[in-house]
Amino acid sequence: MNRYFLLIATLQLWSTISPVNPATTWGPLAVIFAVTAVKELFDDMGRRRRDEIANTRQHTVIRSGQMVGVESQAIQCGDIVRLVENEEVPCDLVLLATSEANGVCYIQTTNLDGESNLKSRVALSETQQMNDPAKLAEFIGFVHAPPPDNQLYVFDAQLRLDPTSNVVSSLSADQLLLQATHVRNTEFAYGLAVYTGTPYTDVRCCGVAAAR
C-alpha cells in the first residue's frame, strides 16, 4: 500500500498529468513513514536490550574438571553446560545426563512453538551415568551434527565416545535441548553445546576441553 501511494505521490510531482497539489499526498505519506520508522527504532532497541540480557545471563559450564560461571555468549561448541530446574537453555545442547537415573529431562518449549505442555528428552544409555563433574571430566567424545536449520523436531547426528573407534551412537531430537526452552521437573541436566551461533558442525570434547 505504501508503494502505491509513493507511486501516486511521485506522479503528482509531474504537473502536466496531475492538477493535484503533491503536498496533499506527500504530507500524509511522510507522516506514515516517520511513524513507521520510529516504531521500528523502538522495536530494534527492545530486541537489542533482550539480546544483551540473554547474552550476559550467567550459566555454569565444566572446564578443566571444574564448574565455572560464564556468560551465555562465552559458551563455545564442545562446552559441557550444567542446567538446573527452571533454567533457560542458552544454546542447543546434546543431553548427556540428568539427575534422573534413566537420563530423562523435561523441557518446556513455549518460546519456540507456543506449547505449554512438557516434552521429555532422554540421554543415551552410554552417557546417562555421567551425572557429576568428576565423570564428565573424563568424558571423551565426538559429535558430528548437520548444519543448523529450522527443524524443531528433527536432529540427525552421531556421537562417538571413542574418537579412535568406528562405533557410533545415533542422536535424534530426543537428545536435543533447544535454545530458549526451559528445564522443568528436573533437578539438573548436563548437555554438550553443539550450536552456539557459529556454524561448526564437528564438535569434539576431550575431557572438557573443546576444539572447533
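# Cavity, pockets, sheet and aromatic pairs

Helix α3 (110-113) and strand β6 each supply at least two residues to the lining of the largest cavity. The model is a predicted one, in which local features need pLDDT of at least 70 and side-chain atom pairs count only at pLDDT 80 or more, while totals for chains, interfaces and linings use all residues. Residues are numbered from 1 along each chain as its sequence is written, and side-chain values use heavy atoms, with hydrogens and water left out. Helices (H or I, at least four residues) and strands (E, at least two) are DSSP runs numbered from the N terminus.

## Enclosed and open spaces

On a 1 Å grid over the protein atoms alone, a cavity is a set of points where a 1.4 Å probe fits but cannot get out, whereas a pocket is an open set with protein on both sides within 12 Å along at least five of seven lines, and lining residues have an atom within 4 Å of a point. Points are joined across faces, edges and corners, and a volume is the space filled by probe spheres set on them.

The structure holds one cavity of 30 Å³ or more, and the volume of the largest cavity is about 30 Å³. Its lining is made up of T109, L112, D113, K119, R121, L152, Y153 and L178. Sorted by class, these are four nonpolar, one polar and three charged residues, where Ala, Val, Leu, Ile, Met, Phe, Trp, Tyr, Cys and Pro count as nonpolar, Asp, Glu, Lys and Arg as charged, and the others, Gly among them, as polar.

The largest pocket has a volume of about 330 Å³. It is lined by 20 residues, of which P90, C91, Q179, T196 and G197 are the closest to its centre, and by class the lining has eight nonpolar, eight polar and four charged residues. The second largest pocket holds about 180 Å³ of space; of the 15 residues that line the second largest pocket, the closest to its centre are D92, D149, Q151, L178 and Y195. The lining of the second largest pocket has 10 nonpolar, two polar and three charged residues.

## The six-stranded sheet

Six strands form an open sheet in the order β2-β1-β3-β12-β4-β10, with antiparallel pairing; two strands pair if DSSP finds at least two bridges between them. The edges are taken by β2 (66-71) and β10 (176-177), each of which has a single partner strand, so one side of each is left without a neighbour in the sheet.

| Strand pair | Bridges | Direction |
|---|---|---|
| β1 (residues 58-63) and β2 | six bridges | antiparallel |
| β4 and β12 | six bridges | antiparallel |
| β4 and β10 | two bridges | antiparallel |

Individual partners can be named for these pairings: V61 has V68 in β2 as its bridge partner, D92 has Y195 in β12, and L93 stands opposite L177 in β10. Strand β4 (residues 92-98) has seven of its seven residues buried (under 20% relative accessible area, with over 50% exposed and partly exposed in between, for a 1.4 Å probe and protein chains only), so this strand is largely enclosed by the rest of the structure.

## Aromatic pairs

There are two aromatic pairs in the structure; rings of Phe, Tyr and Trp (its six-membered ring) pair if their centres lie within 6.5 Å, and planes under 30 degrees apart count as stacked, over 60 as edge-to-face and the rest as tilted. F155 and Y195 form an edge-to-face pair, 6.4 Å centre to centre with 85 degrees between the planes. Because F155 lies in the loop between β7 and β8 (157-160) and Y195 in strand β12 (residues 188-195), this pair ties together parts that are 40 residues apart in sequence. Both F155 and Y195 are buried.

The ring centres of F188 and Y190 are 5.6 Å apart and their planes stand at 70 degrees, so this pair is edge-to-face. F188 is buried at a relative accessible area of 13%, and Y190 is likewise counted as buried, at 2% relative accessibility.

## Two further residues

T127, in the loop between β6 (118-122) and α4 (133-137), is buried with a relative accessible area of 1%. Leaving aside neighbours within four places in sequence, T127 is in contact (heavy atoms within 4.5 Å) with L95, L96, A97, L159 and L161. F142, in strand β7 (residues 140-144), is partly exposed, with a relative accessible area of 26%.
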